[in-house]
Amino acid sequence: MTTIVLNLQRVRERITTACVAAGRDPACVRLLAVSKTFGADAVMEALLAGQRAFGENYIAEGVEKILLLRAWQAGQGAQSGEQSGAAANALEWHCIGPVQSNKTRLVAEHFDWVQSVDRLKIAQRLSEQRPPHLPPLQICLQVNVDGGVNKSGLTPADVQALAQEVTQLPRLALRGLMAIPEPAINFIAACALHKRVKAIFDHINSSGVLPVPMDTLSLGMTADLEAAIHAGSTMVRVGTAIFGGRSRATG
Ligand SMILES: *Cc1c(COP(=O)(O)O)cnc(C)c1O
């Protein structure tokens with residue numbers, strides 16, 4: 001087995017163990033493999049090991065990988081005589097990095113999800129630019145839950161208003177909230193931060209202001225996925241524990 005395959009197995013075990021410890025069904029937590037800075041070959045290895053959802057931070061880098069993997073899958077489909085469309089559908093790409101206005105078209109044309117929406121203007125452009133032949137773009141709003149100065153995201157007080165506005169946009173489907181809490185000193189402190197996001201999520205869902213309740217709480221990375229799962233995460237975004245350390249600085 002390759003390192004990536006072994007690492008994936010270990011991460012899935014961590015998720016299962018954390019779910020059991022929290023009294024949750026492991027099937028309720030999805031794994032997003034964060035492949036930023038790693039090549040299409042690394043994505044392919046993870047894909048062959050059954051991983052389907054991948055996260056990218058940098059738009060140009062992500063789109064390049066998406067196109068490479070699509071071409072590869074189409075070739076595979078042609079070889080085995082199956083419908084290439086079915087094979088291409090197997091992969092799910094999540095944009096988890098900041099999206100500037102001049103990048104919205106690329107994102108709308110190539111990604112399946114955007115988890116880092118924090119402004120109406122960006123949401124509007126994504127909706128307008130989503131090609132008609134594709135399903136609606138799946139959206140999470142990014143919440144800056146602890147006021148970290150180096151990251152984007154809505155302040156907790158602004159989340160509900162944008163959530164309502166996004167549900168009005170025809171080519172977007174609001175799925176949930178995403179946050180990147182600052183590193184905490186221990187498990188309890190990490191849980192407390194994640195629970196703040198869970199509380200915002202529950203509050204909006206129970207207030208009945210959305211036509212459809214949100215179903216995705218994207219919380220937890222390599223260092224804090226156990227705390228995030230304890231707090232109610234339904235999607236953990238894991239890079240380092242699957243693909244290894246990154247040499248390049250990341251956003
Ligand atoms: C890089 C990144 C991750 C993965 O972080 P690791 O610590 O490598 O698991 C998750 N979410 C976001 C938004 C990221 O930028």
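**Ligand site and aromatic pairs**

The ligand sits in the largest pocket; sitting there means that more than half of its atoms lie within 2 Å of the pocket's grid points. A pocket here is an open set of points on a 1 Å grid over the protein atoms alone, where a 1.4 Å probe fits, with protein on both sides within 12 Å along at least five of seven lines. This is a predicted model, with local features needing pLDDT of at least 70 and side-chain atom pairs 80 or more, while totals for chains, interfaces and linings use all residues. Residues are numbered from 1 along each chain as its sequence is written, and side-chain values use heavy atoms, with hydrogens and water left out.

Around the ligand there are 13 residues, the closest being Lys36, Thr222, Arg237, Thr240 and Arg246 (a heavy atom within 4 Å counts as near). As for polar contacts (N or O atoms paired within 3.5 Å), Thr222 puts a polar side-chain atom 2.5 Å from a ligand oxygen. The side chain of Asn57 has an N or O atom 2.8 Å from an oxygen of the ligand, and that of Arg237 has one 2.8 Å from a ligand nitrogen. The protein covers 92% of the 390 Å² of accessible area that the ligand has on its own (Shrake-Rupley method, 1.4 Å probe).

Searching the whole structure turns up 2 aromatic pairs (ring centres within 6.5 Å; planes under 30 degrees apart are stacked, over 60 edge-to-face, the rest tilted). Phe54 and Trp93 have ring centres 5.6 Å apart and planes at 35 degrees, so this pair is tilted. Phe54 belongs to strand 2 (residues 53-56) and Trp93 to strand 3 (residues 92-95), so that the pair links parts of the chain 39 residues apart (strands are DSSP E runs of at least two residues). Both Phe54 and Trp93 are buried, with under 20% relative accessible area (1.4 Å probe, protein chains only).

Technical notes
Rings of Phe, Tyr and Trp (its six-membered ring) pair if their centres lie within 6.5 Å; planes under 30 degrees apart count as stacked, over 60 as edge-to-face and the rest as tilted. Helices (H or I, at least four residues) and strands (E, at least two) are DSSP runs, numbered from the N terminus. Buried means under 20% relative accessible area, exposed over 50%, partly exposed in between (1.4 Å probe, protein chains only). A polar contact is a pair of N or O atoms within 3.5 Å; within protein, one must be able to donate a hydrogen and the other to accept it, and residues adjacent in sequence count only if both atoms are side-chain atoms. On a 1 Å grid over the protein atoms alone, a cavity is a set of points where a 1.4 Å probe fits but cannot get out, and a pocket is an open set with protein on both sides within 12 Å along at least five of seven lines; lining residues have an atom within 4 Å of a point.
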